[in-house]
2 protein chains.
Amino acid sequence: MTIKRGKKKRLSSAERREQIVEVALKLFSIKGFRGTTTREIAKEAGISEATIFKLFANKKALYKAIIDKCCSDSEGQLLLIKRLEGKSERDILTEIADFFLERYLNDPTFGRLLLFSALEAGDFSELFIRTRGVEILDYLSGYMKRLMKKGTFKRYDPHLAARAFLGMIFHYCMVQGIFGFNRFFNPPARIVGKTFVDIFLEGIKKGEWI
Amino acid sequence: MTIKRGKKKRLSSAERREQIVEVALKLFSIKGFRGTTTREIAKEAGISEATIFKLFANKKALYKAIIDKCCSDSEGQLLLIKRLEGKSERDILTEIADFFLERYLNDPTFGRLLLFSALEAGDFSELFIRTRGVEILDYLSGYMKRLMKKGTFKRYDPHLAARAFLGMIFHYCMVQGIFGFNRFFNPPARIVGKTFVDIFLEGIKKGEWI
DNA sequence: CCAACAAGTTAGTAAGCACTTACTTAAGTA
DNA sequence: TACTTAAGTAAGTGCTTACTAACTTGTTGG
């Protein structure tokens, strides 16, 4: 896909742009913006550095194109939210957990890019985080609020409650994928999700519900 | 402390080493290993670049010295664990939550360094993570296991349960400090800790315990 | 006071970086 | 086929980087 052999086909500038963005996305997520050289991107894409700069004003513009791609491509997150309508609390939380566990455990690319972006504090990282980090949080926070008003859930700060639930999931994914814990501990995602949902809904303390 | 004016005092090589490590620790945690230049470190420390290389074979050796410092300096984490002996479940969890919330919310230096280290995947990052990321996890995991055997806690994978609790806390700190959410949302740490402990022990669902 | 040595600096070097210029090549079209 | 234009490149540019060699300066014990 990336390194071509034999006769090289010419691509239209739009196609080439797209290809470069994909290659750079992959490399930036592995080594970060600063840690990736334009030479590496060119090599991996099977083109010369000059071609990159024909299509992008500078390295930062390429980074911006990646962020834009990630922001626009909602990766089914909005789709997920639609799918939740009308379901029970347990089903909703389970579906959210499974969705993110499956996504981030199998492919840490996006998570890594988001983290690099936050740490390296480029000009676009804020945009990135605001658009992509807040969707599900806002949804869940609003959902919690409704259930608290209805009396189904206890009254806490709904934003904090949402953060508690998502924190379990995202931190788990981060530690598994980025800190490499998955080499020593890797239970089925289904069980991880169920455990987190159970604890979040009923707590870990033994007892009986009325 | 860092930029000196007027007559410069000579330090012993040990003192100078220590000072350079401190300055570099701060800069690495802000801009990462790759993103920080030896020139910047020298300027911030008020010395010449050559002095750095008199005391450290190369940039990587300086990084290693920082990791070592962070690994050896347990920052009171073992102290915390000792302090927990004989307390109730709620008190233990609350104390753990408060400890890390207070620490990481007030000073994200260490957290940032750990993240950079994991992402940039230097040769020492693994060492760093194994020594500093696992202490409290192992402790809590063992504690959960005992309470599950005793029947106080429900039976889940104890490691997973510990990850759930710590995930709430660490992810919260990360999002606040590194993603900058603290500018829009910043409740007292005490309340955050209490909310997380409550949810973890009794769940968010309303009901009554017998 | 002054040698001796450690602490510190000046002024580099080679390699690597993002980025450019001036050129070549492929492919559609008249 | 021959012309035009867009796609692509080779070979640089100037700047920054980690790192060094050769020198200077402060401190201290005899």
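The surface near DNA strand C draws most on α3(A), which gives 4 residues; a residue is near a strand if one of its heavy atoms lies within 4 Å of it. Helices (H or I, at least four residues) and strands (E, at least two) are DSSP runs, numbered from the N terminus. This is a predicted model, in which local features need pLDDT of at least 70 and side-chain atom pairs count only at pLDDT 80 or more, while totals for chains, interfaces and linings use all residues. Residues are numbered from 1 along each chain as its sequence is written, chains are lettered from A and ligands numbered from 1 in the order in which they are written, and side-chain values use heavy atoms, with hydrogens and water left out.

**DNA strand C**

- Around DNA strand C there are 20 residues, of which A:R10, A:T37, A:K59, B:R16 and B:T51 come nearest.
- Of the atoms of DNA strand C that come within 4 Å of the protein, 57% belong to sugar and phosphate.
- At least two residues of the surface near DNA strand C come from each of α3 of chain A, α1 of chain B and α3 of chain B.
- This surface near DNA strand C consists of 5 nonpolar, 8 polar and 7 charged residues. Here Ala, Val, Leu, Ile, Met, Phe, Trp, Tyr, Cys and Pro count as nonpolar, Asp, Glu, Lys and Arg as charged, and the others, Gly among them, as polar.
- A base oxygen of DNA strand C lies 2.7 Å from a polar side-chain atom of A:R10. A polar contact is a pair of N or O atoms within 3.5 Å; within protein, one must be able to donate a hydrogen and the other to accept it, and residues adjacent in sequence count only if both atoms are side-chain atoms.

**DNA strand D**

- DNA strand D is surrounded by 21 residues, and the closest are A:S13, A:R16, A:T51, B:R10 and B:K59.
- Sugar or phosphate supplies 57% of the atoms of DNA strand D within 4 Å of the protein, and bases supply the rest.
- A base is approached by B:K54, where an N or O atom of the side chain is 3.3 Å from a base nitrogen of DNA strand D.
- Two or more residues of the surface near DNA strand D come from each of these elements: α1 (13-35) and α3 (49-55) of chain A, and α2 (38-45) and α3 (49-55) of chain B.
- The element that gives the most to this surface is α3(B), with 4 residues.
- By residue class, the surface near DNA strand D has 5 nonpolar, 8 polar and 8 charged residues.

**The contact between chain A and chain B**

- The contact (heavy atoms within 4.5 Å) takes 61 residues from chain B and 61 residues from chain A.
- The copies meet through the same surface, because 100% of the interface residues of chain B are also interface residues in chain A.
- Chain B and chain A bury about 5,800 Å² between them, with 69% of it on carbon and sulfur atoms. Buried area is the accessible area (1.4 Å probe) that two parts lose on being put together, summed over both.
- There are 4 salt bridges across the interface of chain B and chain A, each a side-chain nitrogen of Lys or Arg within 4 Å of a carboxyl oxygen of Asp or Glu. The side chains of B:E202 and A:K205 form a salt bridge with an N to O distance of 2.7 Å.
- Polar contacts join 24 residue pairs between chain B and chain A, both residues being at pLDDT 80 or more.
- On the side of chain B that touches chain A, at least two residues come from each of α1 (13-35), α7 (109-120), α8 (125-132), α9 (135-150), α10 (158-177) and α11 (189-202).
- With 13 residues, α10(B) gives the most to this side.
- The residues of this side of chain B comprise 35 nonpolar, 10 polar and 16 charged.

**Chain A and the symmetry of the copies**

- Chain A has 11 helices and 0 strands, and its C-alpha atoms fill a box of roughly 70 × 35 × 30 Å along the principal axes.
- Chain B is superposed on chain A by a rotation of 180 degrees with 0.0 Å of shift along its axis (RMSD 0.0 Å), using least squares on the C-alpha atoms of residues with pLDDT of at least 70 in both. The two copies are therefore related as by a two-fold rotation axis.
- In chain B, the C-alpha of B:G203 is nearest the axis, 1.8 Å from it.
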